[in-house]
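Here is a short report on one protein chain. Look at the sequence and the structure first, then read on.

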Amino acid sequence: MKKKLGYMVFAAFFVVFRLCPLQKQKVFFVATHDDSDEGNIGIVADEIRRRMPEKKLVFLTGRDGIRHPFSFFIGKAFHLATAGTIFMDNHFMPLAYTPISKRAKVIQLWHGTGTIKRFGLDAEGEEVALLARRANQRVTHLIVSSERTKGQYQSAFGISEDRIYILGLPRTDRILDEEWMQTRRECFFDSYPELEGKRTILYAPTFRDKEADRPHIALDLSELAGNLGEDEVFMLRLHPHVAANIKQTDWAKYKGKIYNVSEFSGVSTLLAAADCLITDYSSIIFEYCLTKKMMCFYAYDLDDFLIDGRGFYEDYETFVPGPVVRTQQELMEFLKNGEPETSRVEAFCRENFAYRDKKSVERLFQLIFS
């Protein structure tokens, strides 16, 4: 109820500012999921600065909000109401109450390149879904990577097919750029020089809604550390809520075998540095599969997730591009003897990316700014 009231206060200021002239040169960015220079928003903003320096860029990030009420309710509402172009990487619920000008373009880039689990209108409760559906009606362009994703996102966002464009996402341009990825890999090892030359294993699990009150890591880290090879390290990239819960962990007791990189800025940099990815139901696999490196799916709670979780758009075990393991013992066996499943990864890429030509930003700019 408190959030809903906040949305309506924001909308009240927005309606007043709609009386001001629309500024075609103003671009408003809703970057509440990823405001780094490696996310879709950051990449688009950098390209606008380079190509169209006359544009005025305004950002709304996860750090804005009720902690800065004047800036949020007045400043951000004014800029949103008067911007000719709006890019988003997440839902922005005040849009449910804000009548965007018909002359403005609202582009939803989202923060994932694809999805395994159901989300949006396919997963939310009735009240949230109602608001999200109303907010999504403001979107004029929903950008996706493939025909498969188009169908899933049409259902999740509840918008018409004619507003969905298969162009590819900006962040995949970077991941497909071998030179850029090598630079990011070197950048990571500048921050962690002791890891250079070692086999880096990145564990990036999805957040489980039902564990919000008791977040934890479903691994015996001591046993894992004891079973890693001489030149292997295990890196944890956790959801912020889970990461905050383990902040007091004494990582030194794992003797340089396990590192918490949850606060490292830039997911793409971590993907560049990782020699192997361990995940479960996270959309991170859509970016990582483009690197053609090893993946394993540690789905320790798959049966429960099918019953109590959000569920999936596809049959999980046949859809994911790598072996599925259910126990830590099976996971450690994979780390010792697993091999890349190259043909399976390539088939996954073909199905989920209409383009792998590093020109997604080019197509996006042609559509929005030409």
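What percentage of the 370 residues in the protein is buried? Buried residues make up 55%, where buried means under 20% relative accessible area with a 1.4 Å probe, protein chains only.

This is a predicted model, in which local features need pLDDT of at least 70, side-chain atom pairs count only at pLDDT 80 or more, and totals for chains, interfaces and linings use all residues. Residues are numbered from 1 along each chain as its sequence is written, and side-chain values use heavy atoms, without hydrogens and water.

Some overall values come next.

| Property of the protein | Value |
|---|---|
| Radius of gyration | 21 Å |
| Span of the C-alpha trace along principal axes | about 65 × 45 × 40 Å |

Now the interior. A nonpolar core is a set of buried Ala, Val, Leu, Ile, Met, Phe, Trp, Tyr and Cys residues joined through side-chain atoms within 4.5 Å. The largest has 42 residues, and F188, V261, I285 and Y316 touch the most other members. Apart from it lies another core of 41 residues, among them A11, F28, A81 and A129. Leaving out residues up to four places away in sequence, I285 touches I116, L277, T279, M295, F297, P321 and F348, with contact meaning heavy atoms within 4.5 Å.

Technical notes
Rg over C-alpha atoms; globule rule 2.2 N^0.38 Å. Buried < 20%, exposed > 50% of the residue type's maximum accessible area, 1.4 Å probe, protein only.
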